[in-house]
Amino acid sequence: MKPTSLFLALALALLTIATQDVFASSPSLSNILPRGAKIGTEIELNFHGDRLDDAVEIMPYTPGFAIGAIEVISPKHIKAKVTIAADAKLGEHLMRIRTSSGLSPIKSFWVGQFDSLAEKEPNSDFAAPQPVTMNTTMEGVLENEDVDYYVTEARKGQRISAEVEGIRLAGAFYDPYVAILNSERFELAASDDTALLLQDSAVSVIAPADGKYIIQIRESSYTGNGNCRYRLHVGAFPRPMAVYPAGGQSGSVIEVRLIGDSAGETTRTVTLPPQADARFPIHAEADGLISPAPNILRVSPFPNVLETEPNNNMAQATVSPVPLPAALNGIINENGDQDWFRFSAKKGQRFIFRAHAKSIGSPLDTVLNIYGPDKKGISGNDDADNRQDSKIDFTAPSDGEFTIRIRDHLKKGGASYVYRIEAQALSPDLGLTIPYFGRADYQSRQMVYVARGNRFATRINAGRVNFGGDLLLEAIGLPQGVTLKADKMHTSVNSGVLLFEAAPEAPVAGSLVDLIAKHAEAEKNISGCFSQPLDFVLGQPNNTVYYKSRTPKFAVAVVEELPFKINVAPPSVPLVRNGTLGLRVTVTRKEGFDAPITVRHLWNPPGISAQPTIKIPKGQNEIIYTLTANSGAPLLTWQIAVMGESDAGKGQILASSALVPITIAEPYLGMKIEMAAVEQGKAGAVVCKLTQSTPFEGKAKVKLLGLPAKVSSPEIEIDKTTTEISFPVSIAPDSPKGQHKNLFCHLTIPVAGTSIPHNVGHGGVLRIDPPPKKPAPKVAPKPEQKEKPATVAKVEPPKKPLSRLEKLRLEAKNK
C-alpha cells in the first residue's frame, strides 16, 4: 500500500473512532456494589453497566451523600468514594449516573446503622458458621441450594433480632427465609414473608440463656442464584411489626403503640408533618439502636377516631364523635373478630371509604360493608384498584345513622392486624407520569437527555381525578440553557407532548427537576407533580410487580451534540375530518453520518392516527409522515412532535423535532353518493351530490374509491361551483354481483400552493345486477290425435258344473 493511501486509511479509521466517541449513547447501569453501607462513613462504590467511560456525575436522589472523583476502570465499570452523612436517612436511596452522552437507569443503594461485613465461604455448615458480632450487617449471596449460617453471642434476656434486605435490593425475584436457632439446632424463631417487609423476613427473640445463637438464611425454596444478594442485619435492635393508630391528622402530635417486638409493646409520641404523607416512616428505638426498616404511618387531613372495644357487632359500633370526613382506626385482634363504627350522614352526601392495611404493612386483608339506618346492607367491597385494600364509593340514600364493618377476608386476626379507614369527600387530585416505553419497561424514556443545540420530546400523561379544565405544565430547576416548551393540555385529553430544548452553548450538566401541572385557572388551586414508578422486581405470573419504589424527581441532562437534527415542516393547511395530512420530515446530518434513522410519532391527539414509526433509510434525508383524522376528531389545534432514533456506533441516540401545530377542520365539502345499479358487462353512472362548505380556488380532483373488482371509473375535476358529479363506471361481465356498500370519494383540494386530501361520501352503494335471463325457445305443438274407443273384452258366462253321471258318460266317450 502506498504511504499516502495508508495515511488516508488511518485518518479515516481515527475519524470513525472519534465520531463514535463523540456521539456515544446513553449508559446502562446494572448494579451498585456493595449494596449498602453504614451511616456516617466513607465507602468506595462500584458501578457496573455499559458505556460508562464518559461518566461525569453520580446523581443521588436524596441528600446526605458527598461524591468524590469518578475513576473509570473500563466502559463497564467505574468507581467513586462516597461519604454518607451522619444524618442521612436509613433505608433505600436512589442513584443514577450522568455521562456526557446520557443518563443511566435508576438503581438503589441502602444505608444502615451498622458496619458491614462480607460473607466468607464456606459458611453453609451449621457446625461451622461464620462468626459475627452483634449489631453487624452481613452482605452475602444466596446461590442455588445455598444456606448461610452465622453465629453470634448473646446474654440471657438480651434481644436478638435479624432482619434481611433481600428482594428489596432489587437484584432478583427471590424469597429469603431467616431463622434464629440455639446451639442445639432448636429453632427459636423463623420468618419467610412479612406483611411489613413483603418477601423479606425479620425475626426477634429474647435470649433464654447466655450462649451462642445461630442465624440461618436461605432462599425459601433453595433456588437462589448469583443475583440473590442480601443485607442481613444482626443485633439487639427493636423490631415491632405494627404501629397503632396507623396514622394521624396532619400537623398533630399523637401517641402510638409499637406492637410485636420480642421485648414487648412500647409507646412513643410522634409529631406529624403539616402536609399529607401516605408513607410517613417511624423507626422504633431502644438502647441507642433503631429498627432497620421503619413502620409506616398515614398522615392525612382527617381527625382520628379510635375504636372502643367491644365493637364486634352493629349494636356495639363505635360512634364517631366527629362528622365525616374522618379516619377510623382499629385492630382486628383475633380470629373471627370484626369491628363496627357508626357515623351520621345526610341524604346525597358522598364519601369515599378507603381501607388502609396492606398498604401500610399490615397482614389484614380487608373487607368493608356499609349498612343503612334500617340495618340492611348498602354496599360492600373486598379488593379495589388492583390492591388488597378495600374501597367503597358511598352516597347516603337518606338522612340518618349508618354503620360500617371491617373484617379480614379469611376471618383471621392478631395483634398486628391494624387498619385505618379514611372517609373523605370527593376532592380533586392530579398527578403526572410518563407512559412505559415497552411492556414492563419502567426505566426507558423516563428521563430526558437533550443534546446541545438540539431537542428532546417526551409524552406526558396527566391523571385528573374529580375535576376538569385545562392544565399548564412547568419544570423547576432545569439545567442551565434548557427550556421547556409545552402546549396547554386541553380539558378533553389526559396526554400531551413536552419538548426540552438545549441552547448550542448550554453546559453539559444535569439536574433533578420538579415537573408540575397546574389548573389553568389559578383560583382553582389545583396542582400535581411528576412521579416515576420503579417496578424493581417483576415475576410470575405476567410480570407481577413484587417490589416497587417511586421517585418524585424528573432527571434532565444536557449531553454532547449529536450528528443529526430532525425537522418537521409546519403544515400550511389543516387536517380535515376524514382526511389525511402528509408531514414533511427532514433530517440534517453531520458530515460522515449516514446511518438510518427511525422516526417515531410520539402522541396521537384524539381522533388522529398515524403509523407508529417510519424509517429514513441510510443516506436519505426525507420522508412523508401521514396523519389521518376520523369523522369525530375535535376541531382544535394540537402540538405534536416526532422523535428520531439512530445509532452512531455505540448505541441508540435520540433527538426530536420541534413542536408542530396540527389544526383539525371540517371538510371543505360534503358529499352524498346516490345508490346506483348497473348490469354486469354494461356501463353506468354513480351520481354524487355535493355540499360546498369552504370555497376554494382552482380545480379539485375527485376519485371514486371502494369499487369492487373489475369495476373502473375515471378521475374527475370539479370547482367551487360544482354541486353534482356523475362518475361513469365500467362494469366487466365477470365483476362480482350484489350490493357493494363501501364506496367513497378521495378529494384533493388545492389550497395555498399545496393540497388538502379529503375522504368524503362514505357508505355509497353500487348494486351490480346479472344480465336478465333469456326466454326459452318456442316449440311447435304436435297434431291433436283422437283417442280410439276402448276395446271391451267379452266375458263368457260361467259354465254349469257337470253332474256325476255326465262326467262318467264324458269319460266313456273319450276312451
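Two residues are in contact when they have heavy atoms within 4.5 Å of each other. Keep that in mind for this predicted model: among contacts in the chain between residues at least 6 apart in sequence, 68% join residues at least 24 apart. When you count up the secondary structure, you get 2 helices and 68 strands.

**Overall shape and surface**

- The chain's radius of gyration is 41 Å, while a compact globule of 815 residues would come in near 28 Å.
- If you line up a box with the principal axes, the C-alpha atoms fill roughly 150 × 120 × 75 Å.
- Of the 815 residues in the chain, 48% are buried.

- The average pLDDT of the chain is 93, and 94% of the residues score at least 70.
- Residues 1-22 are another story, with a pLDDT below 50 and 7 contacts in the model beyond near neighbours in sequence.

**Gln-199**

- You'll find Gln-199 in the loop that links strand S16 (187-191) to strand S17 (202-206).
- Gln-199 counts as buried because its relative accessible area is 17%, and the cut-off for buried is under 20%.
- Leaving out residues up to four places away in sequence, Gln-199 touches Ile-167, Tyr-174, Asp-175, Pro-176, Asp-192, Asp-193 and Tyr-546.

**Ser-250**

- Ser-250 sits in the loop between strand S21 (247-249) and strand S22 (253-259).
- With 22% relative accessibility, Ser-250 is partly exposed, since that label covers values between the 20% and 50% cut-offs.
- Setting aside neighbours within four places in sequence, the contacts of Ser-250 include Pro-273, Pro-274, Gln-275 and Ala-276, and also Val-299, Ser-300 and Pro-301.
- Ser-250 and Asn-621 are 371 residues apart in sequence, and their C-alpha atoms are 58 Å apart in space.

**Thr-694**

- Look for Thr-694 in the loop between strand S62 (683-692) and strand S63 (700-705).
- Thr-694 is partly exposed, with a relative accessible area of 31%.
- From Thr-694 to Ser-726 is 32 residues along the chain, and 22 Å separates their C-alpha atoms.

Technical notes. Residues numbered from 1 in each chain as written. Predicted model: local features only at pLDDT ≥ 70, side-chain atom pairs only at ≥ 80, totals over all residues. Heavy atoms only, no water. Helix = DSSP H or I, 4+ residues; strand = E, 2+ residues; numbered from the N terminus. Rg over C-alpha atoms; globule rule 2.2 N^0.38 Å. Buried < 20%, exposed > 50% of the residue type's maximum accessible area, 1.4 Å probe, protein only. pLDDT = per-residue confidence, 0-100.
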